[in-house]
Amino acid sequence: MEISEKFNEVFGYSPELISAAPGRVNLIGEHVDYNGGDVLPFAISQNSLAAFGARSDSKIRIASQQKPGEIIQGDIHILTPLYGQLWSRYVLGVFWALGDSRVTNGFDIYIDSQVPIGAGLSSSAALESSIAYALNHFFHWNLSLPELARFCQKAENDFVGVPCGIMDQAVSLMAEEGAALLLDTRTLASTHIPFDLSKDGLELLVIDTQVHHDLIDGGYAERRNSCEKAAEILGVKTLREISAEDFERRKSELDKTTYLRAHHAITEIVRTELAVQALGNKDYVALGNLLTQTHISLRDEFTVSCPELNCAVDVAIAHGALGARMIGGGYGGSAIALIQAGERVSIEGEISTAFRDQGFIEPRFFAALPSAGARIIEQR
Ligand code: ADP
Ligand code: MG
C-alpha cells in the first residue's frame, strides 16, 4: 500500500505533501565527525518516507508503519525535550528545534522507513531529515541544507537525547546520486566525489548483522569523551588540529586507553584523505585496503566492533572482497565490503554459512548504491 493510502487509513483524509530522505553508508571517516575530521558518506537508495497533512490548529499527530496502532500526540507550542515515546521524539524534536516561531501550524504525519532500523544505516537521521526538509518546503523558509542538518542534529542531541555528530543528517539532506559526499564536519563545506561503482564492475555489499546497537547506552559517549579528553590534554580544539607526527611525539602525556582512542581518530582522518585520492585515481585496491585498515583500527584501538562484525569482515576478505569494515557506531549493526559485482552471491553464501557455524543470527544483505538526498516526492 502506498504511504498516502496508509495516511488516509489513519487520519481519514489524503496527505498534501510526501517527502523522502535516505539512510547512509559512511564509506570511510568513522568516529571522526565529532573530532572535526572529514567524512566520506553516501546516501543509499532506501528512504524514510513522511506524509503530511497540515492542520488548522497547533496539534501534531504522528503514526508510523513500523509502530502499528500507536498515534503520538503533541502540540507545537508545548514541546519539551524527552517528550513522548522514544520513536516519536525524532519527529517532535525537529519541530522543537525549528521552533514555533517558524512552524506556525500543526500537522498529521505518517512515517514509513525503508531504511532498516537500528542497523547502523541511520534510519534516525533519515527520519529527521524527511521532516525538516518537508517543513522547509511547506513554509518556504529557504533554509540551506546544512542549516537543516544542524536543526536535525539539535533535535537528536537535545530532544531525543542521543549525542550524535552531524554527518548522518548532512548526508541524508545533501547527497547526490552517483557520488559520495566529502564533508568537513566543522564547517559543513562539502564536495561531491564521483563514486559510481557499477560502472567499474564493483559493488558495495552491506551486511546487516541484525545485532541491535543502541547509541543511548554508554559506549559511544565514552569514546567521544576519550577523544575530547585527548584534545584537551594536547591543547587543541579537536583532534583534527594535531598532526599524526606531533601526536606521536606527545604520546606519553596520554594514558593508554585515551591514546588508543585518539590514535584511531587521527589515523582515520588521514585514511579518509587517502581514500579521496584513491577514488580520484579509481584505485579500488587502495580503497579496499584503507577500508580494512579502518576496521582493524575500530576493532583493536577504538574497540567498538563485535564478533558478528568481525566475522562478516574476515569472511568477506577471505573470499575475494577488496576490503571490508564495520560501519556506524559499533557493537552491531552493519559491515560493508567492496566486492567484484560477480562475486556477490558466493560472498553472501560464505558469510551466511560462517554465521550459522558460529551460532549467530542470520545476516541480511543488500547492495548499496550512491543515491540522491532528501526531496519532495509528491505534492497536491
Ligand atoms: P539507526 O539510526 O542506525 O537506524 P538509531 O538507534 O539511531 O539507529 O535510530 C533508530 C530509532 O529511530 C528507532 O529505535 C526509532 O526510535 C526511530 N525510528 C526511525 N525510523 C522510524 C520509523 N519509521 N518509525 C518509528 N521509529 C523510527
Ligand atoms: Mg541513528
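Which backbone atom lies 3.5 Å from an oxygen atom of ligand 1? It's a backbone N or O atom of Ser-122. Before going further, a word on what you're looking at: this is a predicted model, where local features need pLDDT of at least 70, side-chain atom pairs count only at pLDDT 80 or more, and totals for chains, interfaces and linings use all residues. Residues are numbered from 1 along each chain as its sequence is written, chains are lettered from A and ligands numbered from 1 in the order in which they are written, and side-chain values use heavy atoms, with hydrogens and water left out.

Let's stay with ligand 1 for a moment. It has 18 residues around it, and Ser-64, Gln-66, Gly-118, Ser-123 and Ser-124 come nearest (a residue is near a molecule if one of its heavy atoms lies within 4 Å of it). The side chain of Ser-64 has an N or O atom 2.7 Å from a nitrogen atom of the ligand. Taken alone, ligand 1 exposes 570 Å², and the protein buries 91% of that (accessible areas come from the Shrake-Rupley method with a 1.4 Å probe).

Where does that shell come from? Helix α2, strand β6 and helix α3 (123-139) each supply at least two residues, and α3 gives the most, with three. Helices here are DSSP runs of H or I with at least four residues, strands are runs of E with at least two, and both are numbered from the N terminus. By class, the shell has eight nonpolar, nine polar and one charged residues. In that count Ala, Val, Leu, Ile, Met, Phe, Trp, Tyr, Cys and Pro are nonpolar, Asp, Glu, Lys and Arg are charged, and the others, Gly among them, are polar.

Now for the sheets. One is an open sheet of six strands, in the order β5-β4-β6-β3-β1-β13, with mixed pairing (two strands pair if DSSP finds at least two bridges between them). β5 (71-75) and β13 (375-379) stand at the edges with a single partner strand each, so one side of each has no neighbour in the sheet. From one strand to the next, the twist averages 25 degrees. At the β5 end, β4 (residues 59-64) runs antiparallel to β5 and is joined to it by five bridges; Ala-63, for instance, has Ile-71 as its bridge partner in β5.

Helix α2 (residues 86-98) lies across β4, β5 and β6 (107-113), at about 145 degrees to β4. Angles run from 0 to 180 degrees between N-to-C directions, with axes fitted to C-alpha atoms, for helices over the stretch in contact. In the loop between β5 and α2 you'll find His-77. His-77 touches Ser-58 and Asp-100, leaving aside residues up to four places away in sequence (contact means heavy atoms within 4.5 Å).

Key:
Polar contact = N/O pair within 3.5 Å; in protein donor to acceptor, adjacent residues only side chain to side chain.
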